[in-house]
Amino acid sequence: MGPRSEKSTELYHLLLERGYPEVFCDQVTTYLDTDWTARRMIGYLAHYKKLPMEEVADEMLSILSDRDKIMEKKELERVNASWNRYLNA
């Protein structure tokens, strides 16, 4: 396991404790490597005792999609603010 955020490391150990294979835990935390994304997955897993790996992977993809949408929105807001400054100059 490479360097991860604190929450991502916590997620890794949580997945291991729940019996998921080490390779799977490593892959999930490779993608959910920030506190924000790992915290989202930890919150999701808190509602269930054990999920099939496919459902955990599906939720991981959903979290990544949400993160990408948020990043895109912030970039569009930055561009819009820059455009507005140009128009008002």
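**Group meeting: how the helices pack around S8**

Let's start at one contact. In helix 1, E6, K7, S8, E10, L11, L14 and L15 meet D35, A38, R39, M41, I42 and L45 of helix 3. Contact here means heavy atoms within 4.5 Å. By class, those residues divide into 7 nonpolar, 1 polar and 5 charged. Ala, Val, Leu, Ile, Met, Phe, Trp, Tyr, Cys and Pro count as nonpolar, Asp, Glu, Lys and Arg as charged, and the others, Gly among them, as polar.

A quick word on the source. This is a predicted model, in which local features need pLDDT of at least 70 and side-chain atom pairs count only at pLDDT 80 or more, while totals for chains, interfaces and linings use all residues. Residues are numbered from 1 along each chain as its sequence is written, and side-chain values use heavy atoms, with hydrogens and water left out.

Helices and strands are DSSP runs, numbered from the N terminus (helices are H or I, at least four residues; strands are E, at least two). Two packed helices are described by the angle between their axes and the distance between the axes. Axes are lines fitted to C-alpha atoms, for helices over the stretch in contact, and angles run from 0 to 180 degrees between N-to-C directions.

Back to helix 1 and helix 3. Their axes come within 7 Å and cross at roughly 35°. The crossing is left-handed. That word means the near helix is turned anticlockwise from the far one by less than a right angle; right-handed means clockwise.

Next pair. Helix 1 and helix 2 (residues 22-31) cross at roughly 155°, and their axes come within 9 Å. Helix 1 and helix 2 are therefore roughly antiparallel. The cut-offs: under 35 degrees is roughly parallel, over 145 roughly antiparallel, 65 to 115 roughly perpendicular, and the rest oblique. Who meets whom? From helix 1 come S8, L11, Y12, L15 and L16; from helix 2 come E22, C25, D26, V28 and T29. This contact has 6 nonpolar, 2 polar and 2 charged residues. The crossing of helix 1 and helix 2 is right-handed.

Now zoom in on S8. S8 sits in helix 1, which spans residues 6-17. Is S8 buried or exposed? S8 is buried, because its relative accessibility is 0%. Buried means under 20% relative accessible area, exposed over 50%, and partly exposed in between (1.4 Å probe, protein chains only). Setting aside residues up to four places away in sequence, S8 touches T29, L32, D33, D35 and A38.

Which backbone oxygens does the S8 side chain reach? One is that of L32, at 2.9 Å. Another is that of T29, at 3.4 Å. These are polar contacts: pairs of N or O atoms within 3.5 Å, where within protein one must be able to donate a hydrogen and the other to accept it, and residues adjacent in sequence count only if both atoms are side-chain atoms. S8 and W36 are 28 residues apart in sequence, and 8.9 Å apart in space, C-alpha to C-alpha.

T29 belongs to helix 2. At 0% relative accessibility, T29 counts as buried. A polar atom of its side chain lies 3.3 Å from the backbone oxygen of D26. Leaving aside neighbours within four places in sequence, T29 contacts R4, S8, L11 and Y12.

Last pair. Helix 3 (residues 35-45) and helix 4 (residues 53-88) pack at about 140°, with axes 10 Å apart. They are therefore oblique to each other. Their crossing is right-handed. Among the residues that meet are W36 and Y44 in helix 3, and I63 and R67 in helix 4. This contact has 8 nonpolar, 1 polar and 5 charged residues.

One more stop on helix 4: S82. With a relative accessible area of 32%, S82 is partly exposed. S82 and Y44 are 38 residues apart in sequence and 37 Å apart in space, C-alpha to C-alpha.
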